[in-house]
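Thank you for giving me a few minutes this morning.

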Amino acid sequence: MYVKSELRKHFKQLRESVYDKENKDLSICRNVLKSDLFKNADQILCYYPLNSEINTLPVIEDALKCGKKTALPYCTDGNGNMAFYYIRSLDDLKIGSYDIMEPDPEVCDKVTDFGNSLCIVPAFAFDKKGYRLGYGKGYYDRFLKKFTFNTIGLCYNSFLSDSLPADFYDIAVKFIATEDKIILCK
């Protein structure tokens with residue numbers, strides 16, 4: 001765990017000083033939006049961007065505009081469990097766990113059918129096998145181990161590693177979107 005925590009610090013510092021971040025984020029989102037993964041999915045499971053995370057708002061807004069079912073995560077407890085809830089607009093969100101914008105479960109419906117979904121997964125960094133350096137709480141690993149839909153991580157080219165430390169419970173994504181392309185993980 002020490003190695004991962006040191007890597008988290010390293011990539012967090014790098015991410016806070018990404019040059020031309022707005023254009024890089026937009027390029028990554030455009031690659032997602034023009035992909036068959038996005039076009040062929042009936043529903044999009046996405047995250048609301050925090051601080052220096054890759055800005056996913058273009059993906060969320062386009063999915064809503066296209067009429068795709070769009071859902072964001074809601075932390076159900078402090079033990080690393082989350083559920084996804086459908087939103088109709090960004091107005092359905094409120095500040096929740098860890099100061100993250102989350103769907104309001106009082107007004108949003110919980111996703112119970114994950115058929116033909118594309119899940120967009122956050123991380124500090126990814127490796128070419130699809131393993132991620134997440135935030136260390138295990139929310140996405142716990143969630144992803146239950147399902148077999150398409151998963152895509154968003155990553156700056158310079159944050160894509162040949163290899164990252166992975167534990168037995170870590171779940172790899174199937175694809176990675178960078179500023180340049182979509183990568184099929186091996």
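Predicted model: local features only at pLDDT ≥ 70, side-chain atom pairs only at ≥ 80, totals over all residues.

Residues are numbered from 1 along each chain as its sequence is written, and side-chain values use heavy atoms, with hydrogens and water left out.

Strand E1 (residues 43–45) and strand E6 (residues 117–121) pair in the parallel sense over three bridges, where pairing asks that DSSP find at least two bridges between two strands. Strands here are DSSP runs of E with at least two residues, helices are runs of H or I with at least four, and both are numbered from the N terminus. E6 is also joined to E9 by four bridges, again running parallel, and the bridge partner of Leu-118 in E9 is Asn-150.

Stepping back, these strands belong to an open sheet of seven, in the order E3-E2-E1-E6-E9-E11-E12, with mixed pairing. At its edges are E3 (82–87) and E12 (182–184), each of which pairs on one side only.

How many of the five residues of E6 are buried? Five of the five are buried, and here buried means under 20% relative accessible area, exposed means over 50%, and partly exposed lies in between, with a 1.4 Å probe and protein chains only. In a regular strand the side chains alternate between the two faces of the sheet. In E6 both faces are covered, with Ser-117, Cys-119 and Val-121 on one side and Leu-118 and Ile-120 on the other.

Now to the rings. Rings of Phe, Tyr and Trp (its six-membered ring) pair if their centres lie within 6.5 Å, and planes under 30 degrees apart count as stacked, over 60 as edge-to-face and the rest as tilted. By this rule there are eleven aromatic pairs. One of them, Phe-114 with Phe-143, is edge-to-face, at 5.5 Å centre to centre and 70 degrees between the planes. Phe-114 lies in the loop between strand E5 (101–103) and E6, while Phe-143 lies in helix H5 (residues 139–144), 29 residues apart.
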